[in-house]
Amino acid sequence: GRIITGKNLLLILNQAYVLLIAATGVFFIMTIGGLDFSQGSIVGVAGIVIATVAHVSLPLAIVCGILTGGAIGLLNGSMNVFLKIPSFIVTICTMFLFRGVCKYLTTNAPVSAPLAIMKYDILAVKLPVTLAVIAVGYILYRHTALGIKIKAIGSGETGARFSGIRVDKIKLLIFTAAGCLTGLAAFINLLKVGSITATGGNLIETNILIALVLGGMPINGGAKARFATVIVGCLLYAVMNNGLVMLKLEPSVQQ
């Protein structure tokens with residue numbers, strides 16, 4: 001019964017914020033039939049940008065982090081759309097590329113944010129941001145023409161093209177938006193950790209895919225994808241992680 005105490009539920013939520021925000025973008029990518037393995041590297045690089053710029057201005061740092069994530073997402077989408085390289089291959093390459101950038105920038109020492117940023121590591125900041133992302137994602141997916149087009153592309157890209165859907169434009173938009181969301185997730189992550197090391201954001205992409213599949217996401221996307229997958233999968237993943245810790249298992253056994 002300890003897992004459902006108020007304090008522990010807050011701890012579970014605290015572990016799920018970054019995952020929920022980043023997974024919302026990956027959900028849209030998977031719905032159109034793509035995959036994205038670059039999320040962890042985006043969190044690392046965007047986190048470095050945010051930590052650096054935050055010494056000048058925190059609002060500017062957040063914007064720069066989101067733009068950094070969006071730029072990497074646009075790069076992924078451009079190579080997928082214009083060079084016709086499968087998103088699986090593209091994002092694995094950019095995962096290693098930007099993980100290298102992250103390691104290079106943290107060679108001498110971790111990149112630290114100003115200590116003042118830690119005061120925003122509170123429920124009143126992280127919960128509204130996460131709920132806003134989920135709400136916008138849900139509305140776009142369930143109640144707009146864009147959501148219908150995304151599901152159509154995932155169900156059959158050729159058929160979507162013949163239906164008059166601008167597939168390439170929507171793909172670029174989805175990859176860029178997913179990158180922006182991961183840039184925002186990098187800010188939430190930085191609030192908790194305070195600095196970025198060479199392993200910043202490591203394995204987040206794997207955790208996202210595990211969470212979405214646990215939630216019931218069809219690996220090939222399409223019309224059968226349900227937005228509830230994001231919430232159910234991420235919270236289930238956080239509960240499982242929390243439970244393994246409460247069982248006092250060694251980290252290697254948990255893994």
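**Entry 1**

I started at Asp168 and found its side chain meeting that of Arg161 in a salt bridge, 3.0 Å from N to O. I keep in mind that this is a predicted model. Asp168 is partly exposed, at 25% relative accessibility. Arg161 is partly exposed as well, at 36%.

Next I looked up what else Arg161 touches. Glu157 forms a salt bridge with Arg161, and their closest N and O atoms are 2.9 Å apart. Both residues lie in helix H7, which covers residues 157-162. They are 4 residues apart there, about one turn of the helix. I noted Glu157 as partly exposed, at 28% relative accessibility.

Which residues make up the network here? I list Glu157, Arg161, Asp168 and Lys171, linked by salt bridges.

I then went through the whole count, which comes to 4 salt bridges. One of them joins the side chains of Asp121 and Lys126, at 2.5 Å from N to O. Is Lys126 buried or exposed? I read 5% relative accessible area for Lys126; buried means under 20%, so Lys126 is buried.

**Entry 2: aromatic rings**

I searched the whole structure for aromatic pairs and got 7. Phe27 and Phe28 form one of them. Their centres are 5.6 Å apart and their planes stand at 80°, an edge-to-face pair. Phe27 is buried, at 0% relative accessibility. Phe28 is buried too, with a relative accessible area of 10%.

Phe27 also pairs with Phe227. I noted 5.4 Å between the ring centres and 85° between the planes. Edge-to-face needs planes over 60 degrees apart, so this pair qualifies.

Where do the two partners sit? Phe27 is in helix H1 (residues 6-31). Phe227 is in the loop between helix H9 (204-215) and helix H10 (228-246). The pair therefore ties together parts that are 200 residues apart in sequence. Phe227 is buried, at 4% relative accessibility.

**Entry 3: a charge over a ring**

The charged end of Lys151 sits over the Tyr141 ring, 4.8 Å from the ring centre.

**Entry 4: recap**

I leave two groups marked for another look. One is the salt-bridge network of Glu157, Arg161, Asp168 and Lys171.

Methods. Residues are numbered from 1 along each chain as its sequence is written. This is a predicted model: local features need pLDDT of at least 70, side-chain atom pairs count only at pLDDT 80 or more; totals for chains, interfaces and linings use all residues. Side-chain values use heavy atoms; hydrogens and water are left out. Rings of Phe, Tyr and Trp (its six-membered ring) pair if their centres lie within 6.5 Å; planes under 30 degrees apart count as stacked, over 60 as edge-to-face and the rest as tilted. Buried means under 20% relative accessible area, exposed over 50%, partly exposed in between (1.4 Å probe, protein chains only). Helices (H or I, at least four residues) and strands (E, at least two) are DSSP runs, numbered from the N terminus. A charge sits over a ring if NZ of Lys or CZ of Arg is within 6 Å of the ring centre and within 35 degrees of the ring normal.
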